[in-house]
Amino acid sequence: MSAGAHIGEAKSVRAPAPIGLLAELTHRCPLQCPYCSNPLALEGVASELPTQTWIDVLAQAARLGVLQLHLSGGEPTVRRDLEQIVMAAAKAGLYSNLITAAVLLTRERLQALAEAGLDHVQISIQAPDPGNADGVAHYPGGHAKKLQVADWVREIGLPLTINAPLYRQNLDSLPAIIELAERVGAQRLEVAHVQYYGWALQNRSALMPTRDQVMRSADVVAQARERLKGVLVIDFVAPDYYASRPKPCMGGWGRGIINITPSGKVLPCHAAESIPGLMFDNVRERPLREIWLASDAFQKFRGLQWMRESCRSCAYREIDWGGCRCQALAFTGAAENADPACAKSAHHNAFTRLAETESSGASPPFVYRRPAKKRTVA
């Protein structure tokens, strides 16, 4: 069965087979990035799914039609059973991508993960220089370790993506970020503006870039894409706050991606728990196929029936699927409203003004998850 085929029907809303699974193996992390999108209340180690449950879930995901597995966190390498999970993914025929801060990896462990069947490594960086990168992450020596791990990835022969979240403090360094990705031999660079969910929302006024910064960054990416055609693929995600059209969040709610939290809750998107009233099934209690096809959370905003105006009659309704439900809730007070990133939203002008106001003044200190650690980065 192809990944795009329809596999069932529940409550009259048909569900296409999911393509990707984001497996949040843990919320534990050695870094303290102020733009972290994980929720304010992290799930503890005692609640994490055991090895065998993850192995069973990956087999279920493959049968459901999932092709790509993204192993994330927190920091997934804190799991001592990561090799077993990777081996199970390979056995199930899933393409596995390790999304890592890289600071805890050794060459021996990376080699073991490759031998277990790992297909791809994605390393996150906070800035192109060690001073700012280590300052943002609150992890001395972290940047140098990331570059060392990137060398190991290349030596072992795994494909490499560099992931660089963009925000006010590093956006003017985008040319240097692109140069870094070239230098370490990455095949792909993902430069995505910070999305203000979870902990990142606590730091929005500090992280928000100016409109001029965003416009310049788009030009930098366009020029680099032309220069590096055939050498480096650059994925660029612009910020919502200066947009006129919303992005199809997760490709549309319940249309292609499954997110599983460390404790086993199954979400339509990473931030879905911010929407009050939604009940999320757990893989410990219900098969993944049933959750995908028929759970209340996945059905809630799947398709078109939930839409209000102006989304319901919009020509783009099956292109952007109404945009982001979590952002609509956070800014307008109702998840059913149009994403305020859309120019047709009654809240759009206020949404844009907020960004312009927050980015016009001096950046306040970052607020970190662990107390008594606030720092500004030049």
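User: How many nonpolar, polar and charged residues are in the lining of the second largest pocket?

Analyst: Sort the lining by class. There are nine nonpolar, six polar and one charged residues in it. Ala, Val, Leu, Ile, Met, Phe, Trp, Tyr, Cys and Pro count as nonpolar; Asp, Glu, Lys and Arg are charged; the others, Gly among them, are polar. This is a predicted model: local features need pLDDT of at least 70, side-chain atom pairs count only at pLDDT 80 or more, and totals for chains, interfaces and linings use all residues. Residues are numbered from 1 along each chain as its sequence is written, and side-chain values use heavy atoms, with hydrogens and water left out.

User: How is empty space found?

Analyst: Rolling a probe the size of a water molecule over the atoms shows where empty space is left. On a 1 Å grid over the protein atoms alone, a cavity is a set of points where a 1.4 Å probe fits but cannot get out, while a pocket is an open set with protein on both sides within 12 Å along at least five of seven lines; lining residues have an atom within 4 Å of a point. Points are joined across faces, edges and corners, and the volume is the space filled by probe spheres set on them. Here, the second largest pocket holds about 280 Å³ of space. It has 16 lining residues, and P39, Y197, G198, A271 and S274 are the closest to its centre.

User: How many cavities of 30 Å³ or more are there?

Analyst: The structure has four of them.

User: What volume does the second largest cavity have, and which residues line it?

Analyst: Its volume is about 80 Å³. Among its lining residues are C249, M250, W253, W306, W321 and R325. The classes are nine nonpolar, two polar and one charged.

User: M250 is in that lining. What is its phi?

Analyst: Phi of M250 is near 55 degrees, a positive value in a residue other than glycine. M250 sits in the loop between β9 and β10 (257-260). Helices (H or I, at least four residues) and strands (E, at least two) are DSSP runs, numbered from the N terminus. M250 is partly exposed, at 30% relative accessible area. Buried means under 20%, exposed over 50%, and partly exposed in between (1.4 Å probe, protein chains only).

A102 is not a glycine either, and has a positive phi of about 75 degrees. Its loop runs between β5 (95-100) and α3 (107-116). A102 is buried, with a relative accessible area of 0%.

User: Which residues of helix α6 are buried?

Analyst: In α6 (residues 174-183), they are L174, I177, I178, L180 and A181. Viewed down the helix axis they fall within an arc of 155 degrees, so they line one face. The arc is taken from the directions from the axis to the C-beta atoms. These buried residues pack against α5 (142-156), β7 (160-166), β8 (188-193), α8 (211-227) and β9 (233-237). Contact here means heavy atoms within 4.5 Å. Just after α6, G185 takes a positive phi of about 80 degrees.

User: What does T332 contact, beyond its neighbours within four places in sequence?

Analyst: Q327, N337, A338, P340 and H347. T332 is found in helix α11 (residues 325-332), and it counts as buried at 16% relative accessibility. The side chains of T332 and N337 are joined by a polar contact of 3.0 Å. Such a contact is a pair of N or O atoms within 3.5 Å; within protein, one must be able to donate a hydrogen and the other to accept it, and residues adjacent in sequence count only if both atoms are side-chain atoms. A polar side-chain atom of T332 also lies 3.2 Å from the backbone oxygen of A334.

User: Where does the chain have a cis peptide bond?

Analyst: Check omega. The bond from G73 to G74 is cis, with omega near 15 degrees. G74 is in the loop between β4 (68-72) and α2 (82-92). The bond from E309 to S310 is also cis, with omega near 10 degrees. S310 lies in the loop between α10 (296-300) and α11.
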